[in-house]
Amino acid sequence: MTRTIRIGTRGSALALTQTGTVADALRKAGQEVEIVKVSTPGDRSSAPIAEIGVGVFTSALREALLNKQVDVAVHSYKDLPTAPERGIVLAAVPPREDPRDALIARDGLTLGELPPGARIGTGSPRRTAQLRALGLGFEVVPIRGNIDTRLNKVFDGELDAVVLARAGLARLGRADVITETLDPIQMLPAPAQGALAVECRVDDVDIEHLLRSIVDDEATRAAVTAERAMLAALEAGCSAPVGALAEVVEDLDADGSVIENVSLRGVAAAGLDDEGVQLLRASAVAGKSEAEQLGRDLAAELLDLGAGALSGPGRESR
Ligand SMILES: NCc1[nH]cc(CCC(=O)O)c1CC(=O)O
């Protein structure tokens, strides 16, 4: 293709790094690429994400795509609303970074080493619920801001620790500050955490094919499809904080031949209030082509178990 591909991105250091990986892949394939910064309300406001609402970081980018200011939009996949956007197609999901959450604590401490009463910062209802469910007496302190702002609260001594996505730190070359990568048994990540979503206009088939052939990773796509389908089905039914993690695994079928399955784990809070929190968990495996149905089935199981039965704090921030 001879036209210059304009890739829209948020202007944050993390977004620019993420967009850079997609731009590099396209340049390597011989494409001319231009990076266009788009400012979003999520970047301009300092209110809690749960108040500004879902899509704060992504709707302005999608608008720029629909207005033809840009040809491609690169998002942190977990920040995208689950509802599809008319006129836009998910053209590619690049290979995922480590999806797990990370603890950054003072004095090199791990979660198990932090004392009762330790102040741990996060703005995410999902992380809050899972931290409180550990029953270790932590005080969860609501925070937001970019990654450096959050890290500085630990370095300045204002907080004992913060929990952040490992992927964001790794992409920024800051994985060295991590004191513990949290086991998904304790802390299931947000659906699609560590993955990118690369979108283009539905009618721009040249770009769609190019992105699909150059930057898409089939295993990542299958995994996040299951996670997001679970989230979407739970959103329709409740407003609980939700974590999910899927992996493509190789199994043997009845004749002993190797097949690829998707293995999905999910967690949702039954309630999160001053009384405490109860987490509901479920897991299941299905064929790779059944990823979407697997996610919906797991959501149904969590709803049966009582996900969202008590009022949750909202689902906007993951
Ligand atoms: N909600 C904020 C956000 N959106 C994407 C990332 C980076 C990690 C990723 O791509 O999943 C982060 C930071 C975080 O949760 O610590």
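Start with how the chain folds back on itself. Among contacts between residues at least 6 apart in sequence, 72% join residues at least 24 apart. The elements behind this fold are 10 helices and 13 strands. The protein chain has 318 residues, and buried ones make up 45% of them.

This is a predicted model, so confidence comes next. The protein chain has a mean pLDDT of 91, with 89% of its residues at 70 or more. Where pLDDT is low, the predicted coordinates should not be read in detail. For the model, ipTM is 0.95 and pTM is 0.92.

Domain 1 is built from two segments, 5–96 and 195–216. Domain 2 covers 101–181. Domain 3 covers 222–305. Domains 1 and 3 touch: four residues of domain 1 are in contact with five residues of domain 3. On the domain 1 side, the touching residues are three nonpolar and one polar, with no charged residue.

Turn to the ligand. Where does the ligand lie relative to domain 1 and domain 2? Both domains give residues to the shell around the ligand, so it lies between them. The shell holds 10 residues, and the closest are S76, L164, A165, G168 and Q193. Two elements give two or more residues each: strand β8 (161–165) and helix α7 (166–171). Three of its residues are nonpolar, four are polar and three are charged.

Finally, look inside. In soluble globular proteins, nonpolar side chains tend to be buried together. Here, the largest nonpolar core has 80 residues. Which of them touch the most other members? They are V72, A161, V198, L211, A226, M230 and L234. Helix α9, residues 218–237, gives the most to this core, with nine residues.

Leaving out residues up to four places away in sequence, L211 touches V72, A91, A92, V198, C200 and D216. Two of these partners, V72 and V198, are themselves among the core residues that touch the most other members.

How values were computed: Residues are numbered from 1 along each chain as its sequence is written. pLDDT is the predictor's confidence in each residue, from 0 to 100. Domain bounds come from an automatic or database domain assignment. Two residues are in contact if their C-beta atoms, placed from the backbone, lie within 7 Å. Ala, Val, Leu, Ile, Met, Phe, Trp, Tyr, Cys and Pro count as nonpolar, Asp, Glu, Lys and Arg as charged, and the others, Gly among them, as polar. A residue is near a molecule or strand if its C-beta atom, placed from the backbone, lies within 6 Å of it. Helices (H or I, at least four residues) and strands (E, at least two) are DSSP runs, numbered from the N terminus. A nonpolar core is a set of buried Ala, Val, Leu, Ile, Met, Phe, Trp, Tyr and Cys residues joined through C-beta atoms within 7 Å. A residue is buried if 20 or more other C-beta atoms lie within 10 Å of its own, exposed if 12 or fewer, and partly exposed in between; C-beta atoms are placed from the backbone.
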